[in-house]
Structure formats: C-alpha cells, structure tokens
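Here is a short briefing for a first look at a structure. Have the sequence and the model open side by side as you read.

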Amino acid sequence: MLISVVSPVYNCTSCLPEIVRRVRETLDGHELRWEVLFVDDRGPGEPWPVIEALAAADERVRGVRLMRNHGQHLAIWAGLAHARGDWVAVIDCDLQDDPAMLLRMVDVAREGGCDAVIVDRGEWRDSWWRRTASRLFAALLRAITGLKVGVNAGNFGLYSERMVTNLLAFRDKEVFLPAMTVMTGLERRSLVVPRAPRAEGRSSYGLSQLLRLAVALIIRFSDRPLKFSVLAGLALSGLSAGIALIVFVAWASGVIKVAGWTSLMLSIWFVGGLILSALGVHGFYIGRIFTEVQDRPRIRVMETTANLMSTERL
C-alpha cells in the first residue's frame, strides 16, 4: 500500500526536512510504501530550492510549484491531483500535525473500513481569540450551510483513493476540505490527536481572513441566505405595518404635525433598508455565478520536481 503525504507549503521552509525525516522514521520498516508531496503555494521563504534538494536526495519526495499563491485549500487540491497513493494523508507544513501519527491513522482506517480518518485537534494550543474565532466559524458554517463539520476538525487526516477521486470531482472554484469530505457522503472516522506547538511562523488565518472565508463558504455551499432574505422581508413588512399603525394613531391624535413625515420615514427606514440588504445578498450569488461561468483554471501549476505536468484532474 502506497501512502502519499501531501503538505501545502507556506512560510515554513525550515520545517520541510524535518517532515521528511519524521515520515521516513515512521513508515520505513513497515509493509508500506510512501511518498511526500510538497505543494509550494508561493509564499514567503522561497521553499522551492529546498523542495528540489529534498527530491534529489530521495526519489520518494516530490514537489509541485504553483504559479501564484492560491490559498491553502487549493494547494491541497493540487497535491491531491498529483498524489499517487492508495491513501493520501494531508498535513500542515508547520509540524503542528505530527507525521508519527500516520501508522495509527492507517490502523483506524483498516479497522473501521472507512474512507477517511479525520483528526480532532483536541485541546488547542492557540491563543484564546484564535480558538474562539475558529469555534464561531465552525458554528456559523454549520448553522447556515447545514454541514456538520467538527469544531476541532482541520485538514489533518487520511483519505482513501475513493475519497480523493470524489473530492476531485467537485469543480467548484473555491474548495474547503473539511466541508467537502462531508458532502461526498462517504464514511469517516474521527481520531483525537492534540496539536503540537507551531515550529515556525504563525497562522495566516486572522480574523479578517476567517470572516472572508466564512462568507465565501456560506455563499458557496448554501442558498439559505436567499431564503433568509425572504423571511427578513416578511418580518420587516409585518414590523412596518405595526409601526405604521402606531404612527397613524399619533398623526390622527395630532402628535405628528409635519405633513408627509410619516410616509417618508416608513419608506426610508424599512423599504429602503430591505431592498439594499436583499440586493446585497443576491449580489454575492451573482458574483459567484460570474466566477463559475468564466470557467478559468482554478489552479495553475508552474513546474514539478518529477516533470509530471498532467493536471487534467485539477
């Protein structure tokens, strides 16, 4: 059985030799073949020369260099498309995901007969606000999209070839691994593995990035905001009718004496705000439709260490 270890690389160049060393130390001597596939997402630190050197020293190490920064999840997709394994493990490049857990993940997959083993990160070592933001992100995603993505679930996991094939069949321009594994409908298992401290750098997911990702995923995976705009319109219409009655009574009793004030205020406060909010929600979806119908390549690969430029699965 061949295991492909895919790692998107962004700003953790010094960790790459250690990842290869730990994978070699973990999997050598067992009845398993392995490869490590680094995806250079064109971040800071110039990791490509390091990847090339590691690939030259061990043919089981390969690299894919993207033309520009595509983001973590599209970089993972590039790795999945080039992976050759019967099982594919996805790990972060900062050594928070320990390659030493690969054998345990394989055992869980074999015992459970599942197509994915998703790692639950247990107790986080990140800052309080980072943990809170991630929990709010997961809760918002679950509430609006209906996808039951674990609060502590990340990208670290082991995925069968069948799972990878189904994931690559999604043609969405924006991808999100934890949600899409749920959407395949294939069976998954969970394994609790506390994350190690970050060996280098810091998370690139700040508050603004998480909010941007949350909006993109909500629009991508759910039409509930459109339905909510209808409910909001009905609620505001009912509220405006109630306020109109109150204002009418006030006008009839002589409290309001300025001619036209009542109708003007009702129009501006309720109708205008409702129209603008509804147009904004629809605008998000129209923008996504525009992106999809352009049908541009979602991932552009510049080169690979093994001269394997077949990207038809991308």
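Is Glu18 buried, partly exposed or exposed? Glu18 is partly exposed, because its relative accessible area is 23%. Buried means under 20% relative accessible area, exposed means over 50%, and partly exposed lies in between (1.4 Å probe, protein chains only).

This is a predicted model, in which local features need pLDDT of at least 70, side-chain atom pairs count only at pLDDT 80 or more, and totals for chains, interfaces and linings use all residues. Residues are numbered from 1 along each chain as its sequence is written, and side-chain values use heavy atoms, with hydrogens and water left out.

**The chain as a whole**

- The chain holds 10 helices and 8 strands. Both are DSSP runs numbered from the N terminus: helices are H or I with at least four residues, strands are E with at least two.
- Of the chain's 314 residues, 46% count as buried.
- Take the contacts between residues at least 6 apart in sequence: 82% of them join residues at least 24 apart. Contact means heavy atoms within 4.5 Å.
- Accessible areas come from the Shrake-Rupley method with a 1.4 Å probe; for residues, only the protein chains shown count as cover.

**The sheet**

- The 8 strands form an open sheet in the order β7-β5-β6-β4-β1-β2-β3-β8, with mixed pairing. Two strands pair if DSSP finds at least two bridges between them.
- At the edges are β7 (188–192) and β8 (301–304), each pairing on one side only.
- From one strand to the next, the twist averages 20°. Axes are lines fitted to C-alpha atoms, for helices over the stretch in contact, and angles run from 0 to 180 degrees between N-to-C directions.
- Strands of a sheet pair through backbone hydrogen bonds, either parallel or antiparallel.
- β1 (residues 2–9) runs parallel to β4 (residues 87–90), and 4 bridges pair them. Ser4 faces Val88 of β4 there.
- β5 pairs with β6 in the antiparallel sense over 4 bridges. Ile118 stands opposite Gly157 in β6.
- β5 also runs parallel to β7, joined by 5 bridges. Val117 has Arg189 in β7 as its bridge partner.
- β5 is mostly covered, with 4 of its 5 residues buried.

- Helix α6 (residues 161–169) lies across β4, β5 (116–120), β6 (153–160) and β7. α6 runs at about 115° to β6.

**Salt bridges**

- Side chains of opposite charge can pair when their charged atoms come close. A salt bridge here is a side-chain nitrogen of Lys or Arg within 4 Å of a carboxyl oxygen of Asp or Glu.
- The count comes to 13 salt bridges.
- Glu18 and Arg22 form one of them, at 2.9 Å from N to O. Both lie in helix α1, 4 residues apart, about one turn of the helix. Arg22 is partly exposed, at 23% relative accessibility.
- Arg60 meets Asp28 in a salt bridge at 3.1 Å, N to O. Arg60 sits in the loop between α2 (48–57) and β3, and Asp28 in the loop between α1 and β2, so the pair ties together parts 32 residues apart in sequence. Arg60 is partly exposed at 28%, and Asp28 is partly exposed at 33%.
- Arg62 pairs with Glu35, their closest N and O atoms being 3.2 Å apart. Arg62 is in strand β3 and Glu35 in strand β2, so this bridge ties together parts 27 residues apart in sequence. Arg62 is buried at 6% relative accessibility, and Glu35 is buried at 2%.
- Shared partners join Glu18, Arg21, Arg22, Glu25 and Asp98 into one salt-bridge network.

**A nonpolar surface patch**

- Leu245, Phe248, Val249 and Trp251 make a nonpolar surface patch of about 450 Å². Patches are made of residues with over 30% relative accessible area and no salt bridge; like charges are joined within 9 Å, and nonpolar side chains (Val, Leu, Ile, Met, Phe, Trp, Tyr) within 5 Å.
- Leu245 lies in helix α9 (residues 224–252). Leu245 is exposed, with a relative accessible area of 56%.
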